[in-house]
Amino acid sequence: MTLPQRATVVATPNFAAGLDEARAFFAEQDEASAMERFRALRAELREMVETLRWAPAGGRPARFLGGRSVQARIRARKVEALAHEVGLPHLREYVLKQHVVLYAHSSDRVVLLALRHHRQLSYVV
């Protein structure tokens with residue numbers, strides 16, 4: 001019996017910048033709890049990566065792609081361009097406790113594109 005192939009998961013510089021912004025926000029908000037909150041976020045991300053390795057389509061469909069306003073369509077085009085740059089056809093979102101991760105995927109590859117707090121209106125791309 002052979003095990004199913006695991007997908008490769010990588011992060012873009014934009015995703016890494018979002019993670020740095022989250023760490024800075026935690027410190028600005030409450031220096032005393034910032035390190036622990038950042039550790040918790042990183043633990044959630046590690047668990048997400050393991051899930052996406054086995055199930056690249058494990059997140060929900062990217063909700064913002066169906067926006068009707070001009071601004072929503074402009075944002076959607078920017079994000080679709082990111083997915084096109086990495087050569088992956090599908091965009092999805094993975095929901096964590098307080099954050100949402102935007103990623104592109106195929107059956108054997110996942111690229112983490114952006115990270116945002118669930119209260120932010122859009123991804124920074």
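This is a short walk through the fold of one chain, based on a predicted model.

I'll start with the sheet. Five strands form an open sheet in the order β1-β5-β4-β3-β2, and the pairing is mixed. β1 and β2, residues 60-61, are at the edges with a single partner strand each, so one side of each has no neighbour in the sheet. β2 pairs with β3 in the antiparallel sense, over two bridges. Arg 60 has Glu 93 in β3 as its bridge partner.

Now the helices. α1 packs on the sheet, where it touches β1, β4 and β5, and its direction makes about 30° with that of β5. α3, residues 70-85, lies across β3, β4 and β5 and runs at about 110° to β3.

α2 covers residues 31-54, which is 24 residues. From first C-alpha to last it reaches 36 Å, close to the 34 Å expected. Which of its residues are buried? They are Ala 34, Phe 38, Leu 41, Glu 44, Leu 45, Met 48, Val 49 and Leu 52. On the spacing: an α-helix has 3.6 residues a turn, so residues three or four places apart point the same way. What covers the buried residues of α2 includes α1 and the strands β1, β3, β4 and β5.

The largest nonpolar core has 20 residues, and Leu 41, Leu 45, Met 48, Leu 52, Val 101 and Leu 112 have the most contacts inside it. α1, α2, β4 and β5 each give two or more residues to this core, and α2 gives the most, with seven. Beyond its close sequence neighbours, Leu 41 is in contact with residues including Leu 19, Phe 26 and Leu 115. Another core, of twelve residues, lies apart from that one and includes Ala 62, Leu 82, Leu 113 and Ala 114.

Definitions and conventions: Residues numbered from 1 in each chain as written. Predicted model: local features only at pLDDT ≥ 70, side-chain atom pairs only at ≥ 80, totals over all residues. Heavy atoms only, no water. Helix = DSSP H or I, 4+ residues; strand = E, 2+ residues; numbered from the N terminus. Expected span 1.5 Å × (residues − 1). Buried < 20%, exposed > 50% of the residue type's maximum accessible area, 1.4 Å probe, protein only. Contact = heavy atoms within 4.5 Å. Pairing = 2+ DSSP bridges. Axes fitted to C-alpha atoms, helices over the stretch in contact; angles between N-to-C directions. Core = buried A, V, L, I, M, F, W, Y, C linked by side-chain atoms within 4.5 Å.
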